[in-house]
Amino acid sequence: MTLALYMDHHVSAAISEGLKRRGIDVLTAREDGFDRRPDAEILERATELGRVVFTQDVDFLVLVDRWLAIGRPFGGVVFAHQLKTTIGQCVTDLEIVCRVLTVEDVANQLIRLPL
């Protein structure tokens with residue numbers, strides 16, 4: 001079973017659409033009505049839904065560090081810097097992450113792209 005992704009509102013729609021065309025389960029914060037919510041609520045929501053957050057928002061890195069420091073569990077975060085990865089690279093690397101890793105592999109983890 002592939003990992004399901006929850007796309008932060010900072011992510012290009014082209015990445016979400018590219019992944020959906022490849023058969024990856026993607027839910028965007030916008031589709032879920034969470035596009036105006038703070039990062040912590042987005043991470044809570046994704047964890048509640050059993051999804052891994054994909055973001056290109058550097059503020060998420062601070063949030064993940066804070067949650068790791070206090071031992072607060074979360075479903076995992078994948079991060080790619082907007083200026084250091086292309087849309088195609090994100091789609092390819094995220095597909096690999098989703099097809100190879102399990103929920104247990106990514107729980108409470110930060111994965112950085114490119115791979």
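Buried denotes a relative accessible area under 20%, exposed one over 50%, and partly exposed the range in between (1.4 Å probe, protein chains only). The model is predicted, with local features requiring pLDDT of at least 70 and side-chain atom pairs pLDDT 80 or more, whereas totals for chains, interfaces and linings use all residues. Residues are numbered from 1 along each chain as its sequence is written, and side-chain values rest on heavy atoms, without hydrogens and water.

**View A. The largest nonpolar core comprises 20 residues.** A nonpolar core is a set of buried Ala, Val, Leu, Ile, Met, Phe, Trp, Tyr and Cys residues joined through side-chain atoms within 4.5 Å. Leu5, Met7, Ile15, Leu19, Phe54, Val78 and Leu94 have the most contacts inside this core. Two or more residues come from each of β1 (5-7), α1 (13-21), β3 (52-55), β4 (77-80), α4 (87-100) and β5 (110-113); helices (H or I, at least four residues) and strands (E, at least two) are DSSP runs, numbered from the N terminus. The element that gives the most is α4, with 5 residues.

**View B. The surroundings of Met7 are shown.** Leaving aside neighbours within four places in sequence, Met7 is in contact (heavy atoms within 4.5 Å) with Ile15, Ser16, Leu19, Val26, Leu27, Thr28, Ala29, Phe54 and Leu94.

**View C. Trp67 and Phe74 form an edge-to-face pair.** Rings of Phe, Tyr and Trp (its six-membered ring) pair if their centres lie within 6.5 Å; planes under 30 degrees apart count as stacked, over 60 as edge-to-face and the rest as tilted. The structure holds 1 aromatic pair. Its ring centres, in Trp67 and Phe74, are 6.2 Å apart and the planes meet at 65°, so the arrangement is edge-to-face. Trp67 is buried at 4% relative accessible area, and Phe74 is buried at 3%.

**View D. Arginine side chains lie over the faces of Phe34 and Trp67.** A charge sits over a ring if NZ of Lys or CZ of Arg is within 6 Å of the ring centre and within 35 degrees of the ring normal. Arg37 is 4.1 Å from the ring centre of Phe34, and Arg72 is 4.0 Å from that of Trp67.

**View E. Cys90 and Cys98 are buried cysteines.** A search of the whole structure finds 0 disulfides (pairs of cysteine sulfur atoms within 2.5 Å). For Cys90, the nearest cysteine sulfur is that of Cys98, 12 Å away, which is too far for a bond. The relative accessible area is 1% for Cys90 and 0% for Cys98.
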